[in-house]
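I opened my notebook to look at one chain today.

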Amino acid sequence: MHQVIVYAFDGVRLLDLAAPLEVFGTAGRYTVRVCTSDGLGVRSSTGLRVHADLAASEVDRVDTLVVPGPADWAGFLGRADQIGLVAGLAARAGRVASVCTGAFVLAEAGLLDGRRATTHWEHAEALARRYPAVEVAADEIFVRAGPVLTSAGVSAGIDLCLAMVEQDHGPDLARTVARDLVVFLQRPGGQSQFAAASRTAPTRHPVLRPLLDAVAADPAADHGLGAMARRAGLSQRHLTRLFREQLGTTPAAHVEAVRLEAAKMLLEGGEPVTSAARRSGLGSDETLRRAFARHLSTTPSAYAARFRTTG
């Protein structure tokens, strides 16, 4: 039987922990055990206590090691003993996977250096900034980089584990498990479609701030490079340089991002695709479709159907 060890610790996100147990347990061709540092139970982020099957020191064979995410990932990274235990378990594993912010644990243990990886959309930028040797794929639901796999946030652990079942035993068993759990075998689109609306751009530059506020207030207005340069009293080249220096992007890319967020909110509020395209400033249905395909890997109609209502 394929041996799966799921490493648990105080503050682990419960669904991150439960997803691999449920998927591999349902598949029925795995021996799945929960491991803790000392073999004692731990308390999850919800307060629920989780029983342990064995201590890290008792693990001698690991086909697949799964590391769930800590709710307080920044605090967890300061626990050198925990990072060391994960590194030791990984050294005895044929395959290592993380769920959600578990990617930070793998990165801190040096397991993601030179590899592609992903994590929860809200923390992807922090992962890339903290670990420059990791190539962060922020929109992916899960990433397979050789024997190391990482997933996006929380429920994406189900997608990740279904992919491992398919890798081990083929698509028929993976489909059977997906049907039992009433989930997609491969969910449509990337995780950017789940991201919250863009926050105010992080700059107080006296020239850029009024321009950014104007774009946010009325995305459908004329925010072409020429128009913004005239409002700022700068050359187009100078304005483009300021955007690069202050925001790490171009004026056109920033405007499109704001318009895309506006279109998402309009669709969630019940606006038809044509109206959402016009009111967001993206213009035509086709332009809106291209923007959704490029940034969200889905279509406006599919996005609206998934996020408009639970009814």
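**Entry 1: one alanine.** I'm working with a predicted model here. I picked A27 and looked up what it touches. Leaving out neighbours within four places in sequence, A27 is in contact with V165, L173 and V177. I then checked where A27 sits, and found it in helix α1, which covers residues 14-27.

Is A27 buried or exposed? Its relative accessibility is 10%, and buried means under 20%, so A27 counts as buried.

Entry 2: Next I traced the strands. Seven of them form an open sheet with mixed pairing, and I wrote down the order as β5-β2-β1-β6-β7-β11-β10. Which strands stand at the edges? They are β5 (54-55) and β10 (142-145). Each has a single partner strand, so one side of each has no neighbour in the sheet.

Back to α1 for a moment. This helix packs on the sheet and touches β1 (2-7), β2 (30-36) and β6 (62-67). I noted an angle of about 155° between the directions of α1 and β2.

I looked at one strand pair up close. Strands β7 (residues 93-98) and β11 (residues 148-151) run parallel, and three bridges join them. For A97, the bridge partner in β11 is L149.

Another helix goes on the list too: α3 (residues 80-91) lies across β1, β2, β6 and β7. Relative to β6, α3 runs at about 150°.

**Entry 3: the cores.** Which residues touch the most other members of the largest nonpolar core? I found F24, C35, L65, L112 and V165, out of 60 residues in that core. Helix α6 (residues 156-169) gives the most to this core, namely six residues.

Not counting residues up to four places away in sequence, L65 touches I5, Y7, V86, L89, A90, A93, R95, V96 and A97. There is also a second, separate core of 14 residues, and A263, L266, L267 and A276 are among them.

**Entry 4: zooming out.** Last, I looked at the whole chain. How is it divided? I get domain 1 (2-181) and domain 2 (196-306). Taken over C-alpha atoms, the centres of domain 1 and domain 2 are 36 Å apart.

Terms used
Residues numbered from 1 in each chain as written. Predicted model: local features only at pLDDT ≥ 70, side-chain atom pairs only at ≥ 80, totals over all residues. Heavy atoms only, no water. Domains from an automatic or database assignment. Core = buried A, V, L, I, M, F, W, Y, C linked by side-chain atoms within 4.5 Å. Buried < 20%, exposed > 50% of the residue type's maximum accessible area, 1.4 Å probe, protein only. Helix = DSSP H or I, 4+ residues; strand = E, 2+ residues; numbered from the N terminus. Contact = heavy atoms within 4.5 Å. Pairing = 2+ DSSP bridges. Axes fitted to C-alpha atoms, helices over the stretch in contact; angles between N-to-C directions.
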